[in-house]
Amino acid sequence: MPTTPEERLILVYESYRNAYERRAKDWQKATTLKQAKAIAKNVDGLESAYLQAARNALDANGANVEAAFAQAKLAKEEVEKAYRKAKKLTDKIKTVSELVNGVGDLVKKASGN
């Protein structure tokens, strides 16, 4: 069954919200400026994707949209797993970065671009 525009927006929003809520603790664990900047870049990327998703209907359909949704959902689950298992900060940053890419791809495809 195809996903709905609402499901897509919720996935994008939850990805942004979770990263935003975790950023302060992640910054406390950062040991380098590079890590701190990567955390900020990931949060900014997810915020940008969310704002773009909120402006667009995310109502394009097709196999490419469904594949992008599945990939973004999987990436979100990997982030949640990384935080549950208390992985190293560098692993978390990398996993969230992959989520940024997945969510961005979803927004682009579901927006019809």
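This is a predicted model: local features need pLDDT of at least 70, side-chain atom pairs count only at pLDDT 80 or more; totals for chains, interfaces and linings use all residues.
Local features need a pLDDT of at least 70 and side-chain atom pairs count only at pLDDT 80 or more, while totals for chains, interfaces and linings use all residues. Numbering runs from 1 along each chain as its sequence is written, and side-chain values use heavy atoms, with hydrogens and water left out.

Leu58 is not a glycine, yet its phi is positive, at about 55°. Leu58 sits in the loop between helix H2 (33-55) and helix H3 (63-84); helices here are DSSP runs of H or I with at least four residues, numbered from the N terminus.

Thr3 is buried, with 11% relative accessible area. Its side chain makes a polar contact of 3.0 Å with the side chain of Glu66 (a pair of N or O atoms within 3.5 Å; within protein, one must be able to donate a hydrogen and the other to accept it, and residues adjacent in sequence count only if both atoms are side-chain atoms). Setting aside neighbours within four places in sequence, Thr3 is in contact with Arg8, Asn61, Glu66 and Phe69, where contact means heavy atoms within 4.5 Å.

On to the rings: the structure holds 3 aromatic pairs. Rings of Phe, Tyr and Trp (its six-membered ring) pair if their centres lie within 6.5 Å, and planes under 30 degrees apart count as stacked, over 60 as edge-to-face and the rest as tilted. Tyr16 and Tyr20 make a tilted pair, with 5.9 Å from centre to centre and 45° between the planes. Both belong to helix H1 and are 4 residues apart, about one turn of the helix. Tyr16 is buried at 13% relative accessible area, whereas Tyr20 is partly exposed at 38%. Tyr16 also forms a stacked pair with Tyr50, at 6.0 Å centre to centre and 10° between the planes. This pair links distant parts of the chain, as Tyr16 is in helix H1 and Tyr50 in helix H2, 34 residues apart. Tyr50 is partly exposed, at 23% relative accessibility. Ring pairs join Tyr13, Tyr16, Tyr20 and Tyr50 into a cluster.

Two arginines sit over tyrosine rings (CZ of Arg, or NZ of Lys, within 6 Å of the ring centre and within 35 degrees of the ring normal). Arg23 lies over the face of Tyr20, 3.7 Å from the ring centre, and Arg22 lies over the face of Tyr83, at 4.0 Å.

Arg22 and Tyr83 turn up again around a cavity. A search of the whole structure finds 1 cavity of 30 Å³ or more, a cavity being a set of points on a 1 Å grid over the protein atoms alone where a 1.4 Å probe fits but cannot get out. Points are joined across faces, edges and corners, and a volume is the space filled by probe spheres set on them. The largest cavity has a volume of about 130 Å³. Its lining has 17 residues, of which Ala19, Arg22, Asp26, Tyr83 and Val96 lie nearest its centre; lining residues have an atom within 4 Å of a point. H1, H2, H3 and H4 each supply at least two residues of this lining, and H1 gives the most, with 6 residues.

Notes:
Buried means under 20% relative accessible area, exposed over 50%, partly exposed in between (1.4 Å probe, protein chains only). On a 1 Å grid over the protein atoms alone, a cavity is a set of points where a 1.4 Å probe fits but cannot get out, and a pocket is an open set with protein on both sides within 12 Å along at least five of seven lines; lining residues have an atom within 4 Å of a point.
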